[in-house]
Amino acid sequence: MELKRVVITGMGALTPIGNNLEDYWNALLAGTSGAAPITRFDASLFKTQFACELKGFDINQYMDRKEARKHDFFSQYGIVASDEAVADSGILDDSRLDKERVGVIWASGIGGLISLYHEVCDFAKGDGTPRFNPFFIPKMIADIAAGHISIRNGFKGPNFATVSACASSANALAEAYMYIRLGKADAFVCGGSEAAVTPAGIGGFNSMHALSTRNDDPKTASRPFDKDRDGFVLGEGAGGLVVEELEHAKARGAKIYAEIVGSGLTADAYHMTAPQPEGISVARAMHLALEDGHFAPSDVDYINTHGTSTPAGDVAEVLGIKRFMGEDAYKVNINSTKSCTGHLLGAAGAIEAIATALAVKNDIVPPTINHFTDDPELDGNMNYTFGAPQKRRVGLALNNTFGFGGHNVSMAFKKYEE
């Protein structure tokens, strides 16, 4: 069977450092931190009192108030980012478009957490009479954003959600890539959204000791690969991509950001939340991603890491990269864009895939910010792209995304060539 080629033709971003694709990319290159004290609720009694919230975002600029009330925040974010991606792609301008061959795969690691929180709190405060909002269940379920995006655009192809914790939207992209490769669809809107900056989100991750507690200096709290990192910074937002079969894209004259040339999916089968410490499954995921396109480690120019700023996670990933790359590990740029955006959980894979595709398109690697002290557990001879963006040819790049439960996804992106 002849496998199809898959390209990215549209992207949209709603992030803590920019509410659209252009602003997000420019803020990454500028090394902007999205971390600040939490404004959405009183966090003064929490161990962590800051997060990477969206800034200046008003849903009423995108939909009327009555419509917005039907959606949880994660669904609102998904609609906004996917709308931008669809418009950026121009796919709806094609009068010949067969919407039965355009699908939606949209992820969320948690779904409508704030809707669940409010409904349960209201019930608990009441007299026991079961009074629930009729939109409660549709607002909460993790697949509903995919459904809304499909309805909004009339896309009738495969439609579902992927849920694999922080790897969720990377799995969405991998699924879309594989469906198109096999000829089962012409295009997909894929990505993910998350809105977990809530009392339950902060409190739950605090109880796991997963979050940074650097309340005195939030902007520098996300410190991937730094000796003094103390946990991740919770973020929110969404990232959307339109991925398309190459000939379908060319036939309508679409612009192409990058080609997707591989996906590697593995499981640690090790621990509920901790990574396999030697990075064995991480290395295998990267190997599988390159195997798809018949590439070698020496072909890789850049790796956008999962890089959450947790003590164990960063070490395991670097060990996995070295295990996979060998001596070529010293020739690549690696970075963590989470140093700027924080960790968007189920949306992380999508916004980081966008950053990776733009690095391939523009031959520049965004920086890893907030590095102050070298970690003796990490190889100091590797290029972590600390402090400032670095220009170089980025012909082939990998994007790693991992999730609680031991889910690992590595996606390979190549500079588009005829």
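Start by selecting Ile8: setting aside neighbours within four places in sequence, Ile8 is in contact (heavy atoms within 4.5 Å) with Leu241, Val242, Val243, Lys255, Ile256, Tyr257, Ala258, Ile260, Ala357 and Phe413. You are looking at a predicted model, where local features need pLDDT of at least 70, side-chain atom pairs count only at pLDDT 80 or more, and totals for chains, interfaces and linings use all residues. Residues are numbered from 1 along each chain as its sequence is written, and side-chain values use heavy atoms, with hydrogens and water left out.

Next, colour Ile8, Met11, Leu241, Val243 and Ile260, the residues with the most contacts inside the largest nonpolar core, which has 49 residues. Such a core is a set of buried Ala, Val, Leu, Ile, Met, Phe, Trp, Tyr and Cys residues joined through side-chain atoms within 4.5 Å; buried means under 20% relative accessible area (1.4 Å probe, protein chains only).

Now show the strands. Helices (H or I, at least four residues) and strands (E, at least two) are DSSP runs, numbered from the N terminus. Ten of the strands form an open, mixed sheet in the order 5-4-6-7-1-8-14-13-9-10, where two strands pair if DSSP finds at least two bridges between them. Its edges are strand 5 (159-160) and strand 10 (333-335), each pairing on one side only.

Zoom in on strand 1 (residues 6-14) and strand 7 (residues 237-245), which pair in the antiparallel sense over eight bridges. Pick Gly10 here: its bridge partner in strand 7 is Val242.

Definitions and conventions:
Buried < 20%, exposed > 50% of the residue type's maximum accessible area, 1.4 Å probe, protein only.
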